[in-house]
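Here is my note for a first look at this structure. Please read the points with the model open beside you.

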Amino acid sequence: MVEMKRDLGDLALFGGRAGFLQPLLVGRPNPIDRSRLFDRLNWALDNQWLTNGGPLTQEFEKRVADLAGVRNCVATCNATVALQLLVHACALTGEVIMPALTFAATAHAVRWLGLEPVFCDVDPLTGCVDPEQVQAAITPRTSAIFAVHLWGRPCDVDGLEKLAADAGVRLFFDAAHAIGNTSAGRPVGGFGGAEVFSFHATKVVNSFEGGAVVTDDDELARRVRALHNFGLGLEEVSSAGGTNAKMSEASAAMGLTSLDAFEEVVRHNKSNYEHYRTELSGVPGVAVLAFDENEQNNYQYLVVQIDEDVTGLHRDLLLRLLRAENVVAQPYFSPACHQLEPYRSRRNVHLPHTERLSARVIALPTGSTVSREDIRRVCDIVRLAATRGAELTARWRQAHSDDQPTARVMRDISEWTRVG
Ligand code: T4K
């Protein structure tokens with residue numbers, strides 16, 4: 001058992017023993033009932049039907065549609081390609097407005113198809129796309145809005161739906177983080193023209209790799225279903241032809257088994273969230289991102305904001321410090337998309353709220369593999385670092401003043417601070 005850290009010298013960054021013997025990761029897959037998974041895989045092998053909309057995929061689609069409260073679900077091999085299917089199914093062209101505070105996949109999905117992602121700023125409190133900023137970004141070339149339910153917290157759905165209808169542009173939601181969540185009591189899944197879930201291994205419901213388009217628009221679902229199977233059966237010609245974006249039966253077997261565990265995983269995530277909030281409450285300059293308790297939440301991301309003006313500690317140094325302790329936290333989502341190539345050099349955009357949030361946020365480990373004791377120890381480290389941030393930063397700079405890579409990191413940190 002590693003002892004509690006009481007002083008800066010106890011931190012692994014300064015030569016102390018790492019707080020965790022094994023890496024504690026953000027994004028560890030939630031354990032599933034393996035015997036159920038193997039039963040399903042054996043059943044698929046016996047059934048000799050391994051992909052192309054087999055029975056397990058159909059069952060998975062039905063259960064996802066029920067959870068999302070919609071009529072249609074088309075399961076895909078990942079969420080990135082599911083976003084692309086929407087582009088083709090709706091023949092989108094020109095510009096697509098989206099927040100920059102998201103995973104690169106949202107932007108890359110449309111860029112890959114030759115459309116232009118146009119980044120707009122987010123609400124400084126929620127981190128979700130701000131309808132006023134979307135409005136300001138609309139041009140005659142805009143064909144759609146891809147809003148993102150960031151970290152699972154739903155966007156201003158009503159505001160965006162009204163805006164899109166008034167402007168005559170399509171509205172879709174990247175709901176990669178938001179399965180099982182609600183907005184004003186309505187499940188995520190039925191908003192806009194369609195929504196997209198991700199079932200990547202790191203997600204609350206995982207099918208190894210996987211995604212889905214969910215919608216109440218039967219015609220759109222029909223087109224997406226045809227396009228994800230080479231365009232076969234599509235009566236009207238699609239300029240794109242079609243692609244292969246099908247979910248396999250092995251992925252569906254995993255997805256179904258993961259859905260079986262969904263409620264239990266959410267209970268565990270919620271309890272983790274409550275422990276983090278308790279442990280970090282009252283630490284100046286450290287705020288745990290809150291979820292609306294009146295809604296359903298899957299709590300799959302545990303996000304903390306670090307205010308360097310208060311703590312004297314930059315998020316990037318905290319990340320580094322935690323990694324030295326074997327806590328593999330993630331800077332979701334930093335850099336923001338407009339700060340990434342190929343976007344950065346194409347348009348010089350300044351998005352103050354996005355940049356500020358992006359430089360401050362850190363996702364800490366949660367999920368079923370993370371225990372209450374793990375959280376207590378992670379929070380002890382964060383508390384020590386945040387309450388003695390200025391001293392810690394000075395000591396670290398001193399220790400690394402001759403170290404070129406480190407000097408570069410510190411330059412990057414100052415750059416982030418300047419931008420933020
Ligand atoms: N839209 C949004 C808003 C998204 O966040 C994403 C994906 C998408 C669209 C696209 O969805 P997909 O096309 O992937 O279905 C991870 C995930 O790979 C990515 O799916 C996810 N968002 C993003 C937020 O996180 P990375 O670049 O952080 O790296 P990764 O997956 O290698 O590792 C993340 C952490 O998870 C590490 O601590 C290691 C751990 N891990 C990962 C895997 C794969 C495990 O412990 N076990 C594993 O099997 O992207």
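1. A search of the whole structure finds one cavity of 30 Å³ or more. On a 1 Å grid over the protein atoms alone, a cavity is a set of points where a 1.4 Å probe fits but cannot get out. The largest cavity holds about 40 Å³ of space. Volume here is the space filled by probe spheres set on the points, with grid points joined across faces, edges and corners. Its lining consists of Asn-30, Pro-31, Ile-32, Lys-203, Val-204, Asn-206, Ser-258, Ala-261 and Val-265. A lining residue has an atom within 4 Å of a point. By class, five are nonpolar, three polar and one charged. Ala, Val, Leu, Ile, Met, Phe, Trp, Tyr, Cys and Pro count as nonpolar, Asp, Glu, Lys and Arg as charged, and the others, Gly among them, as polar.

2. A word on the basis. This is a predicted model, where local features need pLDDT of at least 70 and side-chain atom pairs count only at pLDDT 80 or more, while totals for chains, interfaces and linings use all residues. Residues are numbered from 1 along each chain as its sequence is written, and side-chain values use heavy atoms, with hydrogens and water left out.

3. Next, the domains. The chain is divided into domain 1 (8-28 + 263-329 + 365-419) and domain 2 (34-260). These bounds come from an automatic or database domain assignment. Taken over C-alpha atoms, the two domain centres are 31 Å apart. In domain 1, 14 residues are in contact with 16 residues of domain 2. Contact means heavy atoms within 4.5 Å.

4. Now the largest pocket. A pocket is an open set of grid points with protein on both sides within 12 Å along at least five of seven lines. The volume of the largest one is about 540 Å³. It has 34 lining residues, and the closest to its centre are Ser-198, His-200, Thr-202, Lys-203 and Tyr-301. Both domains take part: domain 1 and domain 2 each give at least three residues to the lining.

5. Which elements supply at least two residues each to the lining of the largest pocket? They are α3 (79-89), α4 (104-111) and β9 (194-198). Helix α3 gives the most, with three residues. Helices (H or I, at least four residues) and strands (E, at least two) are DSSP runs, numbered from the N terminus. The lining of this pocket has 15 nonpolar, 15 polar and four charged residues.

6. Look at α11 (residues 315-324). Seven of its ten residues are buried, so this helix is largely enclosed by the rest of the structure. Buried means under 20% relative accessible area, exposed over 50%, and partly exposed in between (1.4 Å probe, protein chains only). The buried residues of α11 are Arg-315, Asp-316, Leu-317, Leu-318, Leu-319, Leu-321 and Leu-322.

7. Check the backbone. Most residues other than glycine have a negative phi, and most peptide bonds are trans. Just after α11, Asn-326 takes a positive phi of about 80°. Asn-326 sits in the loop between α11 and β13. Phe-230 is not a glycine either, yet has a positive phi of about 65°. Phe-230 lies in the loop between α7 (218-227) and α8 (249-260). Phe-230 is partly exposed, at 45% relative accessible area.

8. Two cis bonds deserve a look. One runs from Ser-334 to Pro-335, with omega near -5°. Another joins Glu-341 and Pro-342, with omega about 10°. Pro-335 lies in the loop between β13 (327-328) and α12 (352-360). Pro-342 is found in the loop between β13 and α12.

9. Leu-351 also lies in the loop between β13 and α12. Is Leu-351 buried or exposed? At 5% relative accessibility, Leu-351 is buried. Leaving aside neighbours within four places in sequence, Leu-351 is in contact with Ala-100, Phe-119, Cys-120, Asp-121 and His-338.

10. Last, the cysteines. A disulfide is a pair of cysteine sulfur atoms within 2.5 Å. By this rule there are zero disulfides. For Cys-120, the nearest cysteine sulfur is that of Cys-155, 10 Å away. The sulfur of Cys-337 is 11 Å from the closest cysteine sulfur, in Cys-120, so it is too far for a bond. Cys-120 is buried at 3% relative accessible area, and Cys-337 is buried at 1%.
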